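Please walk through this structure with me, taking a few local features one after another and setting each in its surroundings.

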Amino acid sequence: MAAVITPYAPDLDGAWDDVVASSVNGTFLHTRRYLGYHGDRFADASVVVRDPRGRLVGVLPAALDPRDPSVVVSHPGITYGGLVHDGSVRGEAVIDVLTAAAALWRERGCATLRYKAVPYIYHRVPAGDDLYALFRLGAHRYRCDLSAALDLGEPPLHNRNRRRNLDKARAAGVTVVSGREYVEAFWPILTANLRDRYGVDPVHSTEEIALLADLFPQEIECQAVLVGDELVAGAILYKTPRVVHPQYSAATPRGRELWALDAAFAAGIAAAREAGARYYDFGNSNEEAGRLLNTSLYAYKVAYGGGGVPYEFYEWALD
């Protein structure tokens, strides 16, 4: 396919999101509606792919690294980026697309691409041609995070500890509900948890996650775990056609005593399976850019019956 690569322009937003919706490997994180919540935080460097007839068949969300404008990232505002396409951009064509995109980025003074590949569990059909293309172009993998994902197509495994903790939560009278109205009450719990354990704040502010929940009511769900009227734990679920992922989860001290998150995860897994999703992705358990694995946290996630899924990051010198 003799593709034509051009820079993204705002008047392409509708067509861009249509490509993502019909793509073989895109999720709502790749849409301009999602990327747009960042406002002017990033200098956009996205490109679009057209076929010889001029039809938009692929998109590559990207922006300059705020710390180093000579580096273009796909995309600094989302967990994974990469080339998203309708299934027609395959094999050698991906090499051509990335080569043409590199020429555009060099014109902007960029010297390096950092590429966040879409993990394979999010692919509707296998779409790892970009990793092959990066290999051919001389890129190297500079980071790899390890996520724990549960294959919902397989019979559930009943880990003794998880089952016991869930029984304790239910005996304590916890209930799991969902609703946009719980976002504001959950956020202070999440913020306190992250600060106490890791010394960081959530990537999103309360206002940002509330905005995203309003923009994507079918894709973003707030779970709340209650004991009576008291919110003791919660999770923000990101839901795609293939994968349900708790983007955030946290519990109060009382919630941890009652194993409230076990109840939230069990409810989320059951709902994901019923909705026809293939994977429940707990997310990575890494620190120090993937070089340190929190083994106890990873073991906790895998105990639900899951296994390891790599999140791969590549760096390519554009010259």
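His75 is found in the loop that joins strand 5 (68-74) to strand 6 (84-85), where helices (H or I, at least four residues) and strands (E, at least two) are DSSP runs numbered from the N terminus. The peptide bond that leads from Ser74 into His75 is cis, with omega near 10°. This is a predicted model, in which local features need pLDDT of at least 70 and side-chain atom pairs count only at pLDDT 80 or more, while totals for chains, interfaces and linings use all residues. Residues are numbered from 1 along each chain as its sequence is written, and side-chain values use heavy atoms, with hydrogens and water left out.

Another loop, between helix 1 (13-21) and helix 2 (32-35), holds Thr31. Thr31 is buried, with a relative accessible area of 8%; buried means under 20% relative accessible area, exposed over 50%, and partly exposed in between, with a 1.4 Å probe and protein chains only. The side chain of Thr31 reaches the backbone oxygen of Phe28 at 2.8 Å. Leaving aside residues up to four places away in sequence, Thr31 touches Trp16, Asp17, Val20 and Phe216, contact being defined as heavy atoms within 4.5 Å.

Two packed helices are described by the angle between their axes and the distance between the axes. For helix 5 (residues 160-171) and helix 9 (residues 260-275), the axes come within 8 Å and cross at roughly 105°; such axes are lines fitted to C-alpha atoms, for helices over the stretch in contact, and angles run from 0 to 180 degrees between N-to-C directions. Helix 5 and helix 9 are therefore roughly perpendicular to each other, given that angles under 35 degrees count as roughly parallel, over 145 as roughly antiparallel, 65 to 115 as roughly perpendicular and the rest as oblique. Helix 5 contributes Arg162, Asn165, Leu166 and Ala169 to the contact, and helix 9 contributes Asp262, Ala263 and Ala266.

The loop between helix 8 (253-257) and helix 9 contains Trp259, whose phi is near 55°, a positive value in a residue other than glycine. At 31% relative accessibility, Trp259 counts as partly exposed. Ala289, in the loop between strand 14 (286-287) and strand 15 (292-293), likewise has a phi near 55°, positive in a residue other than glycine. Ala289 is partly exposed, with a relative accessible area of 43%.

Conventions
A polar contact is a pair of N or O atoms within 3.5 Å; within protein, one must be able to donate a hydrogen and the other to accept it, and residues adjacent in sequence count only if both atoms are side-chain atoms.
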